[in-house]
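Hi,

Here is the structure I promised to pass on. Have a look at it first, and then read my notes below.

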Amino acid sequence: MIVHSIDPYNAEPPRAALDGAALTPLDTFYSRNHGPVPRIDPRAWRLEVDGLVERTLVLSLADLRGRFDSHSVVATLVCAGNRRADLSRVRPLPGEEPWGPGAISTARWTGARLADVLAAAGVRPAAGHVAFTGPDVSPRADPPQPFGGSIPVAKAMAGEPLLAWEMNGEPLPVVHGAPVRVVVPGYIGARSVKWVRRISVQDRPSDNYFQASAYRLLPAEDHPAAAGLPLSVIALNAAILRPGDDQPLPAGPNPVSGYAVAGEDRRIARVDVSVDGGRHWQQADLGADTGPWAWRLWRATVDLPRGPAEIIARAWDTSAATQPERPEPLWNPQGYVNNSWPRVRVFGRPGPAGL
Ligand SMILES: Nc1nc2c(c(=O)[nH]1)N[C@H]1C(S)=C(S)[C@@H](COP(=O)(O)O)O[C@H]1N2
Ligand SMILES: [Mo]
């Protein structure tokens, strides 16, 4: 793993480690933390469901597993700061984790449907948002507070968000939120609150620092937090996983591969690759479709010219949207949502046949 910080623990897999696996192995899955990883005794853990509900619930792990049907969803988790490193080359982003393209991973999550738990509590008509709170106090928050965030009640009741205790068929690892975490497929990772201990139904979004101040797309200049767009649905994005940057490769045919991800009800429709700056594009082959909430892996064989070249890619979604060309116009003070064309510099070595 590429470890950006130990305390809090923030690490992403090297890009090649993500290549070719529709489900990310647990030891390769990125980790994003804003405070210390708490150790929770699963027998002592309780989940409180309160706010605009008919009855407040207090659930143990046994209650959650026993009272609700378990469901599985393959979902990609992606940090809003994924690919930030390319934005910090535009203008510095002091104090922000310099994520490459590895702040993203995919797992099969198993747990209770958030919708079923909310239905058991009885959501009142005035409900607008469902807020989650964890136990980990982040010293980076102003003022220091436990990590939290919220989603609209319609998303919470949609069926795909889970209260998950399993990941890829294994017990949820502590660093990923054991005993139970929220998983909100199609939304930025920050809404998938780990070690969740309180779910509050309310008429407005969470006023937690990580909803109200961080994870907002601020204007490039003059940026009070209130001027930011709260990030929720993930943006269309893609990355090249192989080859790596600055590699000498034989001129001629070479494999290129990566991932592409689309938000909410959009799917990846196509991925294009170019080796001549976007004058000509060829279509990549899409890998297995593992459902509406998962990334799509892709691969292509490109014909590399001799000498220095840049491999670029762009994904299209089912709304016919595609990615912006350059990172410069996307720069924002917290460095979120860099979904510009991924670019990899290579050098085409002349082969024996081409001398
Ligand atoms: N309690 C808690 N939940 C959290 C976080 C956190 O710091 N504390 N980080 C969030 C962010 S920003 C992301 S991107 C995902 C990362 O999940 P992972 O560490 O399992 O990959 O968890 C989210 N849930
Ligand atoms: Mo994140």
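Five strands make up an open sheet in the order β16-β23-β22-β18-β19, and their pairing is mixed. Two strands count as paired if DSSP finds at least two bridges between them. Strands are DSSP runs (E, at least two residues) and helices are DSSP runs too (H or I, at least four residues), both numbered from the N terminus. At the edges of this sheet stand β16 (247-250) and β19 (282-283); each has a single partner strand, so one side of each is left without a neighbour in the sheet. Further in, β18 (residues 268-274) and β22 (residues 307-317) run antiparallel and are joined by six bridges.

Before I go on, some housekeeping. This is a predicted model, so please note that local features need pLDDT of at least 70 and side-chain atom pairs count only at pLDDT 80 or more, while totals for chains, interfaces and linings use all residues. Residues are numbered from 1 along each chain as its sequence is written, chains are lettered from A and ligands numbered from 1 in the order in which they are written, and side-chain values use heavy atoms, with hydrogens and water left out.

There is also an open sheet of four strands, in the order β15-β17-β21-β20, with antiparallel pairing. Its edge strands are β15 and β20 (285-286), and each of them pairs on one side only. β17 (residues 252-261) pairs with β15 (residues 237-242) over five bridges, in the antiparallel sense. With β21 (residues 296-304), β17 has nine bridges, antiparallel as well. You can follow a line across the strands here: R242 stands opposite S257 in β17, and S257 in turn stands opposite R299 in β21. Another pair is I240 with its bridge partner G258 in β17. β17 is mostly covered, with eight of its ten residues buried. By buried I mean under 20% relative accessible area; exposed is over 50%, and partly exposed is in between (1.4 Å probe, protein chains only).

Now the inside. The largest nonpolar core has 68 residues, and those with the most contacts inside it are L64, W109, V117, F132, L163, I199 and Y215. Strand β9 (residues 162-167) gives the largest share of this core, five residues. A second, separate core has 21 residues, including I240, W298, L304 and A315. (A nonpolar core is a set of buried Ala, Val, Leu, Ile, Met, Phe, Trp, Tyr and Cys residues joined through side-chain atoms within 4.5 Å.) What does L163 touch, leaving aside its neighbours within four places in sequence? Its contacts include L47, L64, L114, V117, V180 and I199; contact means heavy atoms within 4.5 Å.

Two of those names, L114 and V117, are also among the buried residues of helix α4 (residues 114-121), together with A115, L118 and A121. Seen down the axis of α4, the buried residues fall within an arc of 165°, so they line one face of the helix. The arc is that of the directions from the helix axis to the C-beta atoms. After α4 comes G122, with a positive phi near 80°.

Two single residues are also worth a visit. S138, in strand β7 (residues 129-138), counts as buried at 1% relative accessibility. Its side chain reaches the backbone oxygen of H34 at 2.9 Å. P230 lies in strand β14 (residues 229-230) and counts as partly exposed, at 45% relative accessibility. Beyond four places in sequence, P230 touches Q211, Y215 and R216.

Finally, the overall view. The protein has six helices and 23 strands, and 53% of its 355 residues count as buried. Its C-alpha trace spans about 75 × 45 × 40 Å along the principal axes. Of the contacts with a separation of 6 or more, 71% are between residues 24 or more positions apart.

Cheers

How values were computed: Polar contact = N/O pair within 3.5 Å; in protein donor to acceptor, adjacent residues only side chain to side chain.
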